[in-house]
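I opened my notebook to look up a few things in this structure, one entry at a time. Come and read along with me.

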Amino acid sequence: MTSPIRLAINGASGRMGRVLLDLARGDARFALRAAVVGAGAEPVGAPVGGVEAPGALRYSAGWAEAPPLDVVVDFSTPAGLAAALDHCESHGIALVAGTTGLDAALEQRLQRAAGRIAVLRSANFSLGVAVLTRLLRQAAAALPGWDLEILEAHHNRKEDAPSGTALALGRAAAAARGTTLEAEAVYAREGRPGARRAGSIGFAAVRGGDIVGEHTALLAGPGERLELTHRATDRAIFARGALAAAAWLAGRAAGAYTLDDVLMADA
Ligand SMILES: NC(=O)C1=CN([C@@H]2O[C@H](COP(=O)(O)OP(=O)(O)OC[C@H]3O[C@@H](n4cnc5c(N)ncnc54)[C@H](OP(=O)(O)O)[C@@H]3O)[C@@H](O)[C@H]2O)C=CC1
Ligand SMILES: O=C(O)C1=N[C@H](C(=O)O)C[C@H](O)C1
């Protein structure tokens, strides 16, 4: 029998972190070794699971006292991800990164880190969005003259816009049409922006209530319209995908991996 994968959850007090902790604690593939939260966060020092016992795993602020680990799963903030990346790089630990809304400098740091450690990133760890992305690539290439708009809706606590998933969908569609998102993206319209530029890819973001995450790729042609929609209703879909990725990534050689690598291994 192989020993369980030594796992840390970064952002453990967040919406995603709480779901990940619940799933990971009951998952025999893993030994949960650290639950990292922001400095000054409410649960620092409290036992994970709420039961006081000698030797109980406790929420920690930062990585200074982290035990030996095989993989870190991060759903936190850009600053939280940067701190986790520092720790993973200096200790040779694999990193599964789900945090979105990164700036260009952190994107580049992650790319460079993949030369030294195994890094798997995805803006969306659900199976449905993986399939939506493939369908959109096909549709965008098959309907080259149609206007493409990407619409997303999320809860009222989300900090970044457009969502990481919306951007990834836009990037996939642009590549399928032989161009780039940088060349085609239109992120805002107000006042009198004028007629739509052919080939552009528009984005619209809705924020409200407790919407878990919805994405529509709308392709509009003359006299007809195609809409591809994914609706998440439970964060467990992302957490299950991220844990599958962690189990697959632990022990791999340095490199930049994607969720498709994991899904192809399962196929
Ligand atoms: N890729 C995917 O499939 C998905 C990605 N996401 C992304 O994951 C991220 C988190 O989402 P969500 O859980 O909803 O957000 P939350 O705001 O609920 O959680 C983020 C958590 O990170 C913690 N945090 C802040 N700073 C640090 C730090 N330096 N080190 C460790 N933890 C820190 C916060 O703790 P505190 O505020 O208490 O300090 C907070 O609890 C977002 O970027 C979101 O877009 C979300 C769902 C799916
Ligand atoms: O912040 C969220 O909640 C989510 N973020 C991800 C994104 O930005 O695409 C994935 C999912 O839609 C939920």
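**Words first.** I count Ala, Val, Leu, Ile, Met, Phe, Trp, Tyr, Cys and Pro as nonpolar, Asp, Glu, Lys and Arg as charged, and the others, Gly among them, as polar. This is a predicted model, where local features need pLDDT of at least 70, side-chain atom pairs count only at pLDDT 80 or more, and totals for chains, interfaces and linings use all residues. Residues are numbered from 1 along each chain as its sequence is written, while chains are lettered from A and ligands numbered from 1 in the order in which they are written.

**Entry: ligand 2.** Which residues are around ligand 2? I listed those near it, meaning that the C-beta atom, placed from the backbone, lies within 6 Å of the molecule. They are T100, A123, N124, H154, K158, S163, G164, T165 and G213. Sorted by class, this shell has 1 nonpolar, 7 polar and 1 charged residues.

**Entry: ligand 1.** I found 27 residues around ligand 1, and the closest are G14, G38, A41, G80 and G98. This shell holds 10 nonpolar, 16 polar and 1 charged residues. I then looked up the helices (H or I, at least four residues) and strands (E, at least two), which are DSSP runs numbered from the N terminus. At least two residues of the shell come from each of α1 (15-25), β2 (30-37) and α2 (78-91).

Entry: I read the order β3-β2-β1-β4-β5-β6-β12 in an open sheet with parallel pairing. Its edge strands, β3 (59-61) and β12 (255-257), each pair on one side only. For angles, axes are lines fitted to C-alpha atoms, for helices over the stretch in contact, and the values run from 0 to 180 degrees between N-to-C directions. With direction ignored, neighbouring strands of this sheet are turned by 25° against each other on average.

I also checked one pair in this sheet: β4 (residues 71-74) and β5 (residues 94-97) are joined in the parallel sense by 4 bridges. V72 has L95 in β5 as its bridge partner. Helix α2 packs on the sheet and touches β1 (5-10), β4 and β5, with its direction at about 175° to that of β4. For such contacts, the C-beta atoms of two residues, placed from the backbone, lie within 7 Å.

**Entry: the sheet of 5 strands.** Mixed pairing turned up in an open sheet with the order β8-β9-β7-β10-β11. Its edge strands are β8 (185-186) and β11 (224-232), and each pairs on one side only. Inside the sheet, 7 bridges join β7 to β9 (residues 201-207), and the two run parallel. What stands opposite H154 in β9? I found R207 there. Helix α4 (residues 127-142) packs on this sheet, touching β7, β10 (213-221) and β11, and its direction makes about 165° with that of β11.

**Entry: a cis bond.** I noted a cis peptide bond between A161 and P162, with omega about -10°. P162 sits in the loop between β7 (147-154) and α5 (164-176).

**Entry: α7 and α8.** The axes of these two helices come within 10 Å and cross at roughly 80°. Angles of 65 to 115 degrees count as roughly perpendicular, under 35 as roughly parallel, over 145 as roughly antiparallel and the rest as oblique. So α7 and α8 are roughly perpendicular to each other. In their contact I found G241, A244, A245 and W248 of α7 with L259, V262 and A265 of α8. These residues divide into 6 nonpolar, 1 polar and no charged.

How values were computed:
Pairing = 2+ DSSP bridges.
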